[in-house]
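Hello,

Here is the structure for you to take over. My notes follow below it.

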Amino acid sequence: MQRILIAKVGLDGHDRGIKVVARILRDAGYEVIYTGLFQTPATVAAAAVDEDVDAIGLSMLSGAHMTLAPLVVTETRARGADIPVIVGGIVPDADIAKLKELGIAAVLTPGATSEQIVAEVAAALAAYA
Amino acid sequence: MATNREIWERAFLTSSIRDADFMTMSGIPLEPVYGPASDDSEGPTEYPGQYPYTRGPYASMYRSKLWTMRMFAGFGTADDTNWRFKEIIKAGGDGLSTAFDMPTLLGIDSDHPMALGEVGRCGVAVDSLADMEDLYAGIDLDKTTTSMTINSPAAVIFAMYVAQAEKAGVHRSRLGGTLQNDILKEYQAQKEFVFPPRQSMRLVRDTIAFSAAEMPRWHSISISGYHIREAGSTAVEELAFTLANGFAYVELAMAAGLPVDAFAPRLSFFFNAHIDFFEEIAKYRAARRIWARWLRERYGAALDRSMQLRFHTQTAGVSLTAQQPEVNIVRTAIEALAGVLGGTQSLHTNSMDEAMALPTERTARIALRTQQVIAHETNVAHVADPLGGSWYVEHLTDEVERQAEELFSYLDEIGGGSMLEGVIKGIEDNWFQGRIADSAYDLERRFNTGRRIVVGVNAFTEGSEEEQIPLLQITNEDETRQLKRLEQVRHSRDQAAVDAALGRVRTEAADPEINLMPALIDAVSAYATLGEIMASLESVFGRHVEVPTI
């Protein structure tokens with residue numbers, strides 16, 4: 001069973017979305033590990049390596065995604081892990097291409113259906129396999 | 001014996017009436033309220049301003065005064081938000097509502113490593129009294145009421161507000177406004193907590209007691225269902241959890257020796273206005289009735305004002321879509337109308353772009369205009385509780401109340417007869433958090449199966465691929481400016497005075513008998529920063545860590 005670490009990075013406490021996505025992924029057959037709130041890029045990367053996960057999902061709704069999401073990629077790679085980092089949340093269209101240039105595997109925005117979420121995660125996992 | 005109608009008439013005649021033509025567009029004259037002429041008719045015989053206040057807290061409702069159009073704003077530095085506040089006042093908004101950024105909400109300074117990327121993004125950055133002075137500069141706080149959405153560090157921000165107003169020449173006793181200060185719903189829903197629940201409740205107690213003694217126009221707490229609903233609860237859960245939290249605060253203050261009628265009149269509420277129009281109206285009506293009954297019967301309140309639930313409403317951010325954002329104006333208008341027909345005392349309408357960003361000046365203006373259309377064009381404010389007596393709405397009101405009472409019974413039971421203990425236990429057991437997550441997932445599944453339609457998202461999607469509307473951009477320049485400002489404050493203050501004031505905060509925090517507000521006002525007046533004061537408190541109170549559950 002593939003394992004996915006889902007995380008809230010930074011100060012944003014809005015956890016409705018991440019909990020819903022956690023259940024969607026669990027129902028789709030993944031093992032889901034949730035970090036809890038107020039993580040840093042370093043703690044997320046460390047947890048991803050410790051738990052030997054296949055992907056990281058970040059939920060970001062506060063506007064800090066351009067600062068924090070690429071740092072998670074950097075910190076993860078610095079620990080020798082090459083796994084997809086997927087961002088879900090409120091991300092303006094203009095930022096999506098920039099995030100992908102900075103190493104983010106996929107970006108899911110408001111209105112994504114369960115099927116789309118599962119498909120994007122599967123595609124990201126396949127691309128890194 | 002006088003009938004309810006006659007009692008209402010007497011109360012109405014003593015009320016002031018605003019200047020408007022109270023008739024339909026065809027010229028049909030309108031009574032201030034409609035209802036049965038005698039008390040023996042079938043159905044409800046209650047009038048507005050009569051216990052248990054199902055139909056409204058006041059006899060005259062919007063005949064005396066329309067709701068306060070209170071628009072929530074805050075971004076960037078204090079200067080940026082001060083400018084937006086002045087725009088709101090110019091555009092006809094009549095109360096301010098302050099949104100703070102994430103570092104401020106969590107009580108850390110802008111130069112804290114965790115604040116990176118968050119400074120000024122979701123609200124205004126406030127690090128010290130200097131920022132608070134800039135935030136309200138040039139605004140007459142004697143006349144303008146201010147609401148502040150702040151919880152974990154509420155006592156400290158409150159101290160800053162009092163200190164800056166007094167520096168500007170307005171004595172605390174004349175300040176009117178609301179501190180959100182509702183920590184319980186942070187553990188349940190919004191998750192911006194710092195200290196453990198019981199230590200946080202001590203700060204809430206201190207702010208309630210301080211306000212009751214020194215600030216007669218101040219609402220020390222705004223018991224908030226808004227965030228519970230946004231986190232995914234149903235309307236019934238929003239209502240029940242919010243009122244249960246309210247009962248917990250009442251028990252907290254009574255346990256501290258305050259008579260219920262000394263503080264209950266200053267408690268206020270904050271509800272969501274979601275898209276299920278009639279259920280929302282029923283929720284507000286049931287809220288007033290439940291609060292009145294519990295305050296009188298369980299807590300022994302004697303003053304009418306202690307039993308009258310007054311509330312602020314915000315339309316549901318979570319109902320807005322990123323797709324075809326202009327359609328959000330329609331959603332917001334319908335939700336705002338529910339708040340008005342439900343008798344809200346103040347209202348914030350969301351802007352169409354809020355599924356994506358903070359509002360621009362233009363979208364915020366349209367949102368305010370939405371309220372003005374409801375207030376001045378539709379005539380819906382002419383008659384109080386216009387849906388009272390509707391079989392449908394009365395049934396929904398009763399049913400929402402019945403289901404809420406079931407949830408209260410559960411909390412009362414796990415609390416061993418104390419709602420305060422029941423609510424804290426419900427938080428510690430993740431009961432609230434679990435129920436909210438279950439309801440959120442249930443709704444999500446209904447969206448996914450198409451059983452619930454969201455226009456532009458899972459149906460009627462033509463046009464959803466269009467270019468996004470222009471969004472407010474918050475640049476990193478704000479963060480840089482704020483860091484510079486904070487550095488200046490740290491350099492120009494008297495460090496010995498700061499150290500002494502922080503020492504006093506730690507000493508007094510360790511003694512639960514002491515009210516911390518005077519020490520906090522001293523500390524902020526010495527320009528101790530928010531982060532320094534919160535760290536001092538944390539050294540005594542410790543920190544809350546939520547057990548992550550899916």
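**Helix α15 of chain B**

The buried residues of α15(B) pack against α9 (235–255), α11 (277–298) and α16 (419–428) of chain B. They are B:V393, B:L396, B:T397, B:V400, B:E401, B:A404 and B:L411. Buried means that 20 or more other C-beta atoms, placed from the backbone, lie within 10 Å of the residue's own. Helices are DSSP runs of H or I with at least four residues, strands are E runs of at least two, and both are numbered from the N terminus.

This is a predicted model: local features need pLDDT of at least 70, side-chain atom pairs count only at pLDDT 80 or more, and totals for chains, interfaces and linings use all residues. Residues are numbered from 1 along each chain as its sequence is written, while chains are lettered from A and ligands numbered from 1 in the order in which they are written.

After α15(B) comes B:G416, with a positive phi near 60°.

**The sheet of chain B**

Nine strands form an open sheet with parallel pairing, in the order β5-β4-β3-β2-β1-β9-β8-β7-β6. Pairing takes at least two DSSP bridges between two strands. The edges are β5 (218–219) and β6 (221–224) of chain B. Two bridges join β1 (68–73) and β9 (346–348) of chain B. There, B:T68 stands opposite B:S346.

**Where the chains touch**

On chain A, 29 residues are in contact with 32 of chain B. Contact means C-beta atoms, placed from the backbone, within 7 Å. Elements of chain A that give two or more residues are α1 (16–27), β2 (31–34) and α3 (65–78). α1(A) gives the most, with five residues.

Best wishes

Terms used
Contact = placed C-beta atoms within 7 Å. Buried ≥ 20, exposed ≤ 12 C-beta atoms within 10 Å, placed from the backbone.
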